[in-house]
Amino acid sequence: QVQLVESGGGLVQAGGSLRLSCAASGRTFSTYAAGWFRQAPGKGREFVATISRVGSTTYYADSVKGRFTISRDNAKNTVYLQMNSLKPEETAVYYCAARFSGSSTREEDYNYWGQGTQVTVSS
């Protein structure tokens, strides 16, 4: 019922910034909570950030708190992840996810996933 497409990944130097976008289609986007996860080479998928349906509540992994900001613009059917002060160990494929419910930090709670976008942080 919901299709998600990430964009904005690429190569960035350590300490730099990137802004990821997740474009949604197929259903009224304001009905869905959204989240960002990432998967580094040889690692499992890791929670990064989540946002409630109207953007009133956000929650972050401790490792990114203070550096990353999740936001949404329901009029544009888009969720964003602003990433500042990036570190080489944060090189990963970043995935956008959504669910018809409240926000969650758990991968298994999300029903819809994008294809991922590669973020590479060089040292």
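## Exercises on a chain of strands

Arg-38 has Glu-46, a residue of strand S5, as its bridge partner. Strands, like helices, are DSSP runs numbered from the N terminus (E, at least two residues, for a strand; H or I, at least four, for a helix). The model is predicted, so local features need pLDDT of at least 70 and side-chain atom pairs pLDDT 80 or more, while totals for chains, interfaces and linings use all residues. Residues are numbered from 1 along each chain as its sequence is written, and side-chain values use heavy atoms, leaving out hydrogens and water.

**Exercise 1. Describe the protein chain as a whole: its strands, its span and its radius of gyration.**

Step 1. Start with the elements: the protein chain has eleven strands and zero helices.

Step 2. Next, take the extent. The C-alpha trace spans about 40 × 25 × 25 Å along its principal axes.

Step 3. Now compare with the globule rule (2.2 Å times the number of residues to the power 0.38, with the radius taken over C-alpha atoms). For 123 residues, a compact globule would have a radius of gyration near 14 Å, and the 13 Å of the protein chain agrees with that.

Step 4. Finish with burial (buried is under 20% relative accessible area, exposed over 50%, partly exposed in between, with a 1.4 Å probe and protein chains only). Of the 123 residues, 44% are buried.

**Exercise 2. Follow strand S5 and find its pairing partners.**

Step 1. Locate S5 at residues 46-51. Five of its six residues are buried, so the strand is largely enclosed by the rest of the structure.

Step 2. Look at one partner (two strands pair if DSSP finds at least two bridges between them). Strand S4, residues 33-39, pairs with S5 in the antiparallel sense over five bridges. The two form a hairpin with six residues between them, and Gly-42 in the turn has a positive phi of about 75°.

Step 3. Turn to strand S6, residues 58-60, which pairs with S5 in the antiparallel sense over three bridges. Here the bridge partner of Ile-51 is Thr-58 in S6. This hairpin has six residues between the strands, and its Gly-55 takes a positive phi near 85°.

**Exercise 3. Find the disulfide and give its handedness.**

Step 1. Search the whole structure for cysteine sulfur atoms within 2.5 Å, the cut-off for a disulfide. The search finds one disulfide.

Step 2. Name the partners: Cys-22 and Cys-96, with sulfur atoms 2.1 Å apart.

Step 3. Cys-22 is in strand S3 (residues 18-25) and Cys-96 in strand S9 (residues 92-99), so the pair, 74 residues apart, links distant parts of the chain.

Step 4. Read the torsion about the S-S bond of Cys-22 and Cys-96: it is about -80°, so the disulfide is left-handed. Both Cys-22 and Cys-96 are buried.

**Exercise 4. Sort out the aromatic pairs around Phe-47 and Trp-113.**

Step 1. Recall how such a pair is described: by the distance of the ring centres and the angle of the planes. Rings of Phe, Tyr and Trp (its six-membered ring) pair if their centres lie within 6.5 Å; planes under 30 degrees apart are stacked, over 60 edge-to-face, the rest tilted. The whole structure has seven aromatic pairs.

Step 2. Take Phe-37 and Phe-47. Their ring centres are 5.7 Å apart and the planes stand at 70°, so the pair is edge-to-face. Phe-37 lies in S4 and Phe-47 in S5, ten residues apart, and both are buried.

Step 3. Take Tyr-110 and Trp-113, an edge-to-face pair with 6.2 Å from centre to centre and 65° between the planes. Tyr-110 is buried at a relative accessible area of 5%, whereas Trp-113, at 27%, counts as partly exposed.

**Exercise 5. Describe the largest nonpolar core.**

Step 1. Apply the definition: buried Ala, Val, Leu, Ile, Met, Phe, Trp, Tyr and Cys residues joined through side-chain atoms within 4.5 Å. The largest such core has 34 residues.

Step 2. Pick out the residues with the most contacts inside it: Trp-36, Leu-81, Met-83 and Tyr-94.

Step 3. Trace the contributors. S3, S4, S5, S7 (68-73), S8 (78-83), S9 and S11 (117-122) each supply at least two residues of this core. The largest share, five residues, comes from S9.
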